[in-house]
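Please open the model in your viewer and keep the selection tool at hand. The stops below say what to select next and what is there.

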Amino acid sequence: MLRLPDLRHVLAGQANETLGEIFESYDLAVDALERFRKQSPREEAMIREYEQLCREIEQEVLILVSENKHLGVDDSSLGG
């Protein structure tokens, strides 16, 4: 929710298993990314891979929200 502040109010009100699993996956990916960034020597390939994974998870959340028009989110809140 920190990475998608415009959707924070929508995401906070949407407690479901799918969204919970996505958030858990994102949390794990961010933790791993931070570990890779702190390693010495840095594994740049792993950093790039996990940065991409985090972006893909963020996109998955945006798609999920945009598919649920009944949530009252307009397209400007979706970053597009």
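Select E58 first: this residue is buried, because its relative accessible area is 12% and buried means under 20%, exposed over 50% and partly exposed in between (1.4 Å probe, protein chains only). E58 sits in helix α3, residues 44-67. Helices here are DSSP runs of H or I with at least four residues, strands are runs of E with at least two, and both are numbered from the N terminus. This is a predicted model, where local features need pLDDT of at least 70, side-chain atom pairs count only at pLDDT 80 or more, and totals for chains, interfaces and linings use all residues. Residues are numbered from 1 along each chain as its sequence is written, and side-chain values use heavy atoms, with hydrogens and water left out.

From C-alpha to C-alpha, F23 and E58 are 9.4 Å apart in space, and they are 35 residues apart in sequence.

Next, color the chain by helix. There are three helices and zero strands, in the order α-α-α along the sequence. Of its 80 residues, 25% count as buried.

Now select I22, Y26, A29, A32, L33, F36, I47, C54, I57, V61 and V65. These 11 residues form the largest nonpolar core, a set of buried Ala, Val, Leu, Ile, Met, Phe, Trp, Tyr and Cys residues joined through side-chain atoms within 4.5 Å. Helices α2 and α3 are the elements giving two or more residues to this core, and α2 gives the most, with six.

Finish at D31, in helix α2, residues 17-38. D31 is partly exposed, with a relative accessible area of 37%.
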